[in-house]
Amino acid sequence: MGLAGRDSHSRDQGAFATTSPLSSVYSLIRSVLVAALVYGFSLGAIYAPWGEAHVPVLFSVFCGLLLALSYHLSRQSSDPTILWSLVRSKFFPELESRTPEEPPLEIKDPLPEKLRNSVKETLHSDLVMCPLMAIITFAISASTVFIALQPALSFVLYILAGVVGFFTHYLLPQLRKQLPWFCLAHPVLRSREYSQFEVRDAAQLMWFEKLYAWLQCVEKYFIYPAVVLNSLTTEAHTVSQNPDKPGAYGRALFISVAGMKLLRSSFCVPSQQYVTLCFTALFFQFDYPHFSQTFLLDYYCMSILFSKLWDLLYKLRFVLTYIAPWQITWGSAFHAFAQPFAVPRILTRVILKLV
């Protein structure tokens, strides 16, 4: 479910997420197909000869395909009916003929056409970006930068991801709030129209808004993919030292699944990744290093755990918003009485998911 679950966040990329059983099956099937496609390259790379300054070509191909396909999956809709509607309109136009149950033309719903156009534009963009990303990733992986600069590169990437993530997703939003940390009476980073009584012109784009957008792009498309690719290279290099050891086939499958999940998470929900990454690095490198296996396994397990904790936090915030005494003016007395009884059910569901 970790593979299909990433589609629930695909709306952050402009896609349309749904929660029907059909969408779950569709998301799971396409994730399994991608994992099966890259699994062969991962297994072949493990059995290929590795050197101190040499990365097998199969592994570089694996990294390029994995990054490009993960990027493509993170941008696609989890609703298969939209894609089928686009295919039907292009290749089977005779099926688009109107039926007596359809409404008249003057009241035709414009939403299906807009959805098809959105999916079409996404596919056109991915047709250019995915091969380009695959070639660049192949070149970077083949350059042995993830082997030659170890272990300093890993710590540099962890620190860079933590600093950029903290500044982008915590510090900048707090400085733009109306009451930063509830200690200041006015926002520190103000818009140009903040002090105007009535705004008559179009809003101006401020420098910190441009900085926020650029930092998100750098974080999503450069820093986190580099972190995941670095972890994949280290893991594959370690496994390749004993390719005949029992479990090599399972480790190759784990490398494929974990890499796809972590890359899709970095593309879909980059705002949550710096917390998971920093906690994983600090917990397993300094606090309890004897519990650590490999960083890829540690990061993969912590990403699953933190995704469940984020869901729990959002649900508890929803409950607390309704039962807060100062919200009784727009809520109701029934919410204040009934919502606390939902807390045990929420905790039970989260525990069952973790088990």
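**Reading loops, helices and salt bridges**

Q: Let's start with a loop: where is Phe 182 found?

A: Phe 182 sits in the loop between α6 and α7. Helices here are DSSP runs (H or I, at least four residues; strands are E, at least two), numbered from the N terminus. Keep in mind that this is a predicted model: local features need pLDDT of at least 70, side-chain atom pairs count only at pLDDT 80 or more, and totals for chains, interfaces and linings use all residues. Residues are numbered from 1 along each chain as its sequence is written, and side-chain values use heavy atoms, with hydrogens and water left out.

Q: How do I read the backbone there, and what is the phi of Phe 182?

A: Most residues other than glycine have a negative phi, and most peptide bonds are trans. Phe 182 has a positive phi, near 55°. Thr 144 also isn't a glycine, yet its phi is positive at about 65°; you'll find Thr 144 in the loop between α4 and α5.

Q: Which residues are joined by a cis peptide bond?

A: Gln 150 and Pro 151, with omega about 0°. Pro 151 belongs to the loop between α5 (145-148) and α6.

Q: Is Phe 182 buried or exposed?

A: Phe 182 counts as exposed because its relative accessibility is 76%. The cut-offs are under 20% relative accessible area for buried, over 50% for exposed and partly exposed in between (1.4 Å probe, protein chains only). Thr 144, at 13%, is buried.

Q: How do α6 and α7 cross?

A: Two packed helices are described by the angle between their axes and the distance between the axes. Here the axes of α6 (residues 152-176) and α7 (residues 207-240) come within 10 Å and cross at roughly 150°. So α6 is roughly antiparallel to α7. Axes are lines fitted to C-alpha atoms, for helices over the stretch in contact, with angles from 0 to 180 degrees between N-to-C directions; over 145 degrees is roughly antiparallel, under 35 roughly parallel, 65 to 115 roughly perpendicular and the rest oblique.

Q: How many salt bridges are there?

A: The count is 4, taking a side-chain nitrogen of Lys or Arg within 4 Å of a carboxyl oxygen of Asp or Glu. One of them pairs Arg 75 with Asp 126 at 2.7 Å, N to O. Arg 75 is in α2 (residues 57-75) and Asp 126 in α4, so the pair ties together parts 51 residues apart in sequence. Both Arg 75 and Asp 126 are buried.

Q: Which residue forms a salt bridge with Glu 209?

A: Arg 176, with the closest N and O atoms 3.2 Å apart. This pair links α7, which holds Glu 209, to α6, which holds Arg 176, 33 residues apart. Glu 209 is partly exposed at 22%, and Arg 176 is partly exposed at 38%.
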